[in-house]
Amino acid sequence: MLITDTAYFSEFSLPFDYRDVPNAQILDVGCGPGSWCIDLAQKYPQIHVIGIDASDMFPSEHTIPSNCQLMVSDAITGLKEFHDASFDVVHIRFMALAFTV
């Protein structure tokens, strides 16, 4: 069986362009090593990207763009370090098994 779903091979198409939301705050929940965050921050220097993961597997700080922040935080226990409505976009991918009843 051939899987052609874009969820496995690329990003979903969003109804906006990051260039149209200057100064946007983006949160990536379960960012792993932060690759998506770093790529997005490099491509769109006018936005601020924060990636969180329960484990610290991030690259050296000197390799992370200044508009990108990677931090250890467990979304399962809540995101108390952020105020309500802090983000313009929340990105979550491959986290379905992490969230339980």
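**Exercise 1.** Which residues does G32 touch, not counting residues up to four places away in sequence?

*Solution.* The model is predicted, so local features need pLDDT of at least 70 and side-chain atom pairs count only at pLDDT 80 or more, while totals for chains, interfaces and linings use all residues. Residues are numbered from 1 along each chain as its sequence is written, and side-chain values use heavy atoms, with hydrogens and water left out. Begin with the position: G32 sits in the loop between β1 (25-29) and α2 (35-43), where helices (H or I, at least four residues) and strands (E, at least two) are DSSP runs numbered from the N terminus. Next, apply the contact rule, heavy atoms within 4.5 Å; with it, G32 touches D53, M57 and F58.

**Exercise 2.** Is G32 buried or exposed?

*Solution.* Buried means under 20% relative accessible area, exposed over 50%, and partly exposed in between (1.4 Å probe, protein chains only). G32 has a relative accessible area of 10%, so this residue is buried.

**Exercise 3.** Find the aromatic pairs and classify each of them.

*Solution.* Rings of Phe, Tyr and Trp (its six-membered ring) pair if their centres lie within 6.5 Å, and planes under 30 degrees apart count as stacked, over 60 as edge-to-face and the rest as tilted. This rule gives two aromatic pairs. In the pair of Y18 and Y44, the centres are 5.3 Å apart with 45° between the planes, which is tilted. Y18 lies in the loop between α1 (6-9) and β1, and Y44 in the loop between α2 and β2 (48-53), so the pair ties together parts that are 26 residues apart in sequence. Y18 and Y44 are both buried. For F82 and F87, the ring centres are 5.1 Å apart and the planes stand at 75°, so this pair is edge-to-face; F82 and F87 are both buried.
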